[in-house]
There are 4 protein chains.
Amino acid sequence: MPAVEWNDQLLQLAEDLCDAARWCSTRGWVPATAGNFSFRTAAADGGRIFITASGLDKGAITPADLLEIDLDCTVLAGAGRPSAETSLHGVIYRGRADTRAIFHVHSIWNTLLSDRFAADGAVPLEGYEVLKALTGVSTHEHRELVPILENSQEYTGLSLKLTEVLRAFPNAHGVLLRKHGLYTWGESIAGARRHLEALEFLFEVEARRLMSAS
Amino acid sequence: MPAVEWNDQLLQLAEDLCDAARWCSTRGWVPATAGNFSFRTAAADGGRIFITASGLDKGAITPADLLEIDLDCTVLAGAGRPSAETSLHGVIYRGRADTRAIFHVHSIWNTLLSDRFAADGAVPLEGYEVLKALTGVSTHEHRELVPILENSQEYTGLSLKLTEVLRAFPNAHGVLLRKHGLYTWGESIAGARRHLEALEFLFEVEARRLMSAS
Amino acid sequence: MPAVEWNDQLLQLAEDLCDAARWCSTRGWVPATAGNFSFRTAAADGGRIFITASGLDKGAITPADLLEIDLDCTVLAGAGRPSAETSLHGVIYRGRADTRAIFHVHSIWNTLLSDRFAADGAVPLEGYEVLKALTGVSTHEHRELVPILENSQEYTGLSLKLTEVLRAFPNAHGVLLRKHGLYTWGESIAGARRHLEALEFLFEVEARRLMSAS
Amino acid sequence: MPAVEWNDQLLQLAEDLCDAARWCSTRGWVPATAGNFSFRTAAADGGRIFITASGLDKGAITPADLLEIDLDCTVLAGAGRPSAETSLHGVIYRGRADTRAIFHVHSIWNTLLSDRFAADGAVPLEGYEVLKALTGVSTHEHRELVPILENSQEYTGLSLKLTEVLRAFPNAHGVLLRKHGLYTWGESIAGARRHLEALEFLFEVEARRLMSAS
């Protein structure tokens, strides 16, 4: 496999992605080498995709740990093994044309809610000011549904189900895998980070509210 | 718009404000570019007001991200867009003449309590030693009421309601917006920070107490 | 008031005390300028006492913020105002002859338990391995009682009650003030820090256990 | 006792172990000098064992704080006193031949679950994606049992019971001592760290789920 050929612009994006991954590590959202992170360059720049390789501690990740892949998730350049979940990034880039970054994390609160609302098919988040951090939401009077997929190790089937869910929830800003974690995305690395932080804040508020006695 | 003309004294205040904002970010109180922060100079120095611009990550904020505004919230200098909530800072500076700094944050606990006590109109905090950190409170035998306003995206109406609430609760050290966040203030940047830290500590204690099973 | 005359040994102790105070700040145990910290030199060195001045942010404290006091809590040297709680440090140094450091902190969990067990007069901690971190405790088969005093702003009366409690609980490693905080101490600064960390760990475990639904 | 004779390879392992211990301190898992950490070199390198000495703050530990011991836990080199729990490390190295590192920590959540499931003899963790971080587990459709031993200060008897438990649970990745803490291990220092982080994440999820009201 050839090495990635970095240029200044690509390297800046790679640094921003790794910075976001290390920040997630400080929040406890990528325990035990969990999680994966990718970005895509502008269409004018070929829409190239770079993703973290499998099995690494995200708290110590650097651009050298990224693989370049195509939209079918074939590895084009870089050292290391792709994660089995790489295919889900491809599904999201194909299903959401304006996506430029995807973050996948495991948090205490998204794990808890993904199980609690599994029978409902989605976690509802409603009436919070922080919802305005989600692209296209301009008021707290909004009901965000974060759809939940059953977890699976069979990634071909899971990819199909994710494709369907993205169509069924065209306005969703994230998708949960049950007892597994959250996928969220954005029109930039900063946008994906903003979506992640907003959703995790709201998951914690909702989980604490629902899990209290009254 | 002209650039802000800093002098040493102003710049020190700006650095102190940004330091407080970055500290709030480490506490998780300004998720996803939420929150805003302002200070006002002494009357002898013209009572000039400086406030964080809209949409920035408060964990990376610097004096270059501040706007100078007047008491009617017209922008006088600086780069960037003012937040829609800038008008609420103006209401507080007009309603509390000795205010020199205002902090607005979203925390897990203030969000939860602002909803739980919405029907009562205020969160009561009573009998705690930490209440003594609030200016003018000299004993734990004190009942602090933190009034709650319904959240709204219609800021003219919200400004009027905030004006009324400040009159109705002349001794309040903070105001909550429902499912949105806290506004608190002080006679200095350090004073606002002390009020914020005391109120958030007490919100967490009260929320944990009320949300427990017994 | 004269300045403190530091020598190398004193200054090292002062640095160790300030380091402990700043560490407590990172843990959230001294919110809004709360808390106070003192050490006493060896009897051979005169048993001199140094304590943090009132009203300071403990996250930024340095030896210049310490006052030298005598056993009756009269200030002998240093800049700044003594805290009203300085007298409680004197009570502990008189009642526990081998005490060389005293820490006073406000945590979420000690505040909650000090109220929950107020009618019982003490928080019981039993059967935990971490109890062995308390001086003189060599097995987990130990029942530690942390006595609780009603909070008061009348420090002469409070000092008398603390004196009685120290006699009534000769083996206690700490005392709680209701809805206020914890006093703990040790035969060295490191010993007081070890006691503090052990008690706060156990308060959190017990509070979470008791506050759960089952 | 002679000093440890370090070579470059050994020193790197010692640094990695101390780094893991300091990281555990930042997570609050080794309160009040609790916890201990060891590594073993490859069989080709003699299978030498190095372990943290007793009574130290694990947040400030360095290679100079390590003792070299043999498989019977006799100290061969290094300054300081071995912990009473050193014998349990020997039991694990003998019972799990491929173990190259052992971590022992006290966390809020492992302490709570070790008590709650004591009558059942093990904490069950089932259906979580993070289980795949455990060596040999390749799907979330896995039920991990973390066996629980009654705590004891009588380490000869405790060692025998730990020997039995390791045989009775041949696939276990960790063992809990009731109201005391977790032992976990791995085929490398990074592997033990990954197991620790995965188990503690799952303990927190399970404890929060079980302790909630519904």
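How far apart are the nearest C-alpha atoms of chain B and chain D? They are 7 Å apart, and the two chains do not touch, where contact means heavy atoms within 4.5 Å. This is a predicted model, in which local features need pLDDT of at least 70 and side-chain atom pairs count only at pLDDT 80 or more, while totals for chains, interfaces and linings use all residues. Residues are numbered from 1 along each chain as its sequence is written, chains are lettered from A and ligands numbered from 1 in the order in which they are written, and side-chain values use heavy atoms, with hydrogens and water left out.

**Arrangement of the chains**

- Helices (H or I, at least four residues) and strands (E, at least two) are DSSP runs, numbered from the N terminus, and two strands pair if DSSP finds at least two bridges between them.
- In chain D, nine strands form an open sheet with mixed pairing, in the order β4-β3-β2-β1-β5-β9-β8-β7-β6.
- The edges of this sheet are β4 (75-77) and β6 (122-126) of chain D, each with a single partner strand, so one side of each is left without a neighbour in the sheet.
- On average, neighbouring strands of the sheet are turned by 25° against each other, direction ignored.
- Strand β5 (residues 101-105) of chain D runs antiparallel to strand β9 (residues 181-186) of chain D, and five bridges join them.
- Within this pair, D:Ala101 has D:Gly186 of β9(D) as its bridge partner.

**Helices across the sheet of chain D**

- Axes are lines fitted to C-alpha atoms, for helices over the stretch in contact, and angles run from 0 to 180 degrees between N-to-C directions.
- Helix α1 (residues 8-26) of chain D lies across β1 (36-40), β2 (49-52), β3 (66-69) and β5 of chain D, at about 155° to β1(D).
- Helix α4 (residues 155-168) of chain D lies across β7 (143-149), β8 (174-177) and β9 of chain D, at about 165° to β7(D).

**The sheet of chain C and its helices**

- Chain C also has an open sheet of nine strands with mixed pairing, ordered β4-β3-β2-β1-β5-β9-β8-β7-β6.
- Strands β5 (residues 101-105) and β9 (residues 181-186) of chain C pair in the antiparallel sense over five bridges, and C:Ala101 stands opposite C:Gly186 in β9(C).
- Helix α2 (residues 86-95) of chain C runs at about 35° to β1(C) and lies across β1 (36-40), β2 (49-52), β3 (66-69), β5, β8 (174-177) and β9 of chain C.
- Helix α5 (residues 189-211) of chain C runs at about 140° to β9(C) and lies across β1, β5, β6, β7 (143-149), β8 and β9 of chain C.

**Helix packing in chain D**

- Helix α3 (residues 108-116) and helix α5 (residues 189-211) of chain D pack at about 60°, with their axes 9 Å apart.
- That makes α3(D) oblique to α5(D), since angles under 35 degrees count as roughly parallel, over 145 as roughly antiparallel, 65 to 115 as roughly perpendicular and the rest as oblique.
- The contact residues of this pair include D:Trp109 and D:Leu113 in α3(D), and D:Phe203 and D:Met211 in α5(D).
- By class, the residues of this contact divide into seven nonpolar, one polar and five charged; Ala, Val, Leu, Ile, Met, Phe, Trp, Tyr, Cys and Pro count as nonpolar, Asp, Glu, Lys and Arg as charged, and the others, Gly among them, as polar.

**Helix packing in chain A**

- Helix α2 (residues 86-95) and helix α4 (residues 155-168) of chain A pack at about 25°, with their axes 9 Å apart.
- That makes α2(A) roughly parallel to α4(A).
- Among the residues in this contact are A:Leu88, A:Val91 and A:Ile92 of α2(A), together with A:Leu158 and A:Leu162 of α4(A).
- This contact of α2(A) with α4(A) has seven nonpolar, four polar and no charged residues.
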